[in-house]
Amino acid sequence: MKFFIDTANIEEIKTAVAMGVLDGVTTNPSLAAREAAPYKEILGEICRIVPGPVSAEVLSTDAKGMLAEAEELVKIADNVVIKIPTIAEGLVAIKALAEDGIKVNATLVFSSMQALLVAKAGAAYVSPFVGRLDDISTDGMQLIEDIITIYHQYNFNTEVLVASVRHPMHVQQAALMGADVVTMPFKVIDQLIKHPLTDIGLEKFIADYKKAGKN
Ligand code: E4P
């Protein structure tokens, strides 16, 4: 399973790269708004740090505008993936970009039928937002299972990218279900490595060694 980080923060990305676990990055306008530098500048730097796919989101809500934005965004680097919202105009843009060989990440997916449509239109990635579904008392991970079943049934190549991840259980469930990618905030990557028994065990090893008079 591929690990993407869901952030536009350069320091977090550098730390995750150094940990050796990062396969790509997803950004969105809300994440970019938290950073001081302009979005395109940040994307350029991220693409230099991470060799894997870097999702850059368009802001237009009509296909023409989305395609015009995509044309500028793909100039940033070869590993830019265009993030398109899952609306009717988005499908038109996904189809056109896919025909031009440009990879698209269909974002803001909340139903298996939206996922089926973006796969038919040619999206390289589908991003179901599990945390936001959980927030409204709907089982986000059930949606992942449904999409995986449907995609396998018809041999779609679209990769299932679990998004809006809130905690390690989302990541574990995604791995058990065989999701292709999980994108998560840095906080969740950090939580995945932590276990209290590891910390207790480590402390004891060091204390025992010192007690025996060794340094
Ligand atoms: C995915 O690509 C989105 O950027 C992201 O996962 C949204 O997550 P949120 O619901 O925590 O904002």
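Predicted model: local features only at pLDDT ≥ 70, side-chain atom pairs only at ≥ 80, totals over all residues.

Before the first click, a rule for the word "pair": two strands pair if DSSP finds at least two bridges between them. Helices (H or I, at least four residues) and strands (E, at least two) are DSSP runs, numbered from the N terminus.

Residues are numbered from 1 along each chain as its sequence is written, and side-chain values use heavy atoms, with hydrogens and water left out.

**Whole chain.** Show everything as cartoon: the protein has eleven helices and eight strands. Its C-alpha trace spans about 70 × 40 × 30 Å along the principal axes. Of the 215 residues, 45% are buried (under 20% relative accessible area; exposed is over 50%, partly exposed in between, with a 1.4 Å probe and protein chains only).

Eight of them form a closed barrel in the order 1-2-3-4-5-6-7-8, with parallel pairing. Neighbouring strands of this sheet are turned by 30° against each other on average, direction ignored.

**Strand 1.** Pick residues 2–6. Four of the five residues of strand 1 are buried, so it is largely enclosed by the rest of the structure. On one side, four bridges join strand 1 to strand 8 in parallel, and K2 has V181 as its bridge partner there. Three bridges link strand 1 to strand 2, also parallel; here I5 is partnered with V25.

**Strands 2 and 3.** Stay on V25 and look towards strand 3: which residue stands opposite V25 there? The residue is V54. Strand 2 (residues 24–26) and strand 3 (residues 54–57) run parallel and are joined by two bridges.

**Helices 5 and 6.** Next, select residues 88–99 and 112–121, which are helix 5 and helix 6. Their axes come within 8 Å and cross at roughly 30°. Show side chains for L91, I94, K95 and A98 of helix 5 and for L117, V118 and A121 of helix 6, which make the contact (heavy atoms within 4.5 Å). That set divides into six nonpolar, no polar and one charged (Ala, Val, Leu, Ile, Met, Phe, Trp, Tyr, Cys and Pro count as nonpolar, Asp, Glu, Lys and Arg as charged, and the others, Gly among them, as polar).

**Helix 10.** Go to residues 186–193, where F186, V188 and I189 are the buried ones. Seen down the axis of helix 10, these buried residues fall within an arc of 165°, so they line one face of the helix (the arc is that of the directions from the helix axis to the C-beta atoms). Their cover includes strand 1, helix 1 (10–18), helix 9 (168–177) and strand 8 (181–184). Helix 10 lies across strand 1 and strand 8, at about 110° to strand 8.

**Last stop, M177.** Click M177 in helix 9: at 22% relative accessibility, M177 counts as partly exposed. Leaving aside neighbours within four places in sequence, M177 is in contact with M141, I144, E145 and I148.

Technical notes:
Axes fitted to C-alpha atoms, helices over the stretch in contact; angles between N-to-C directions.
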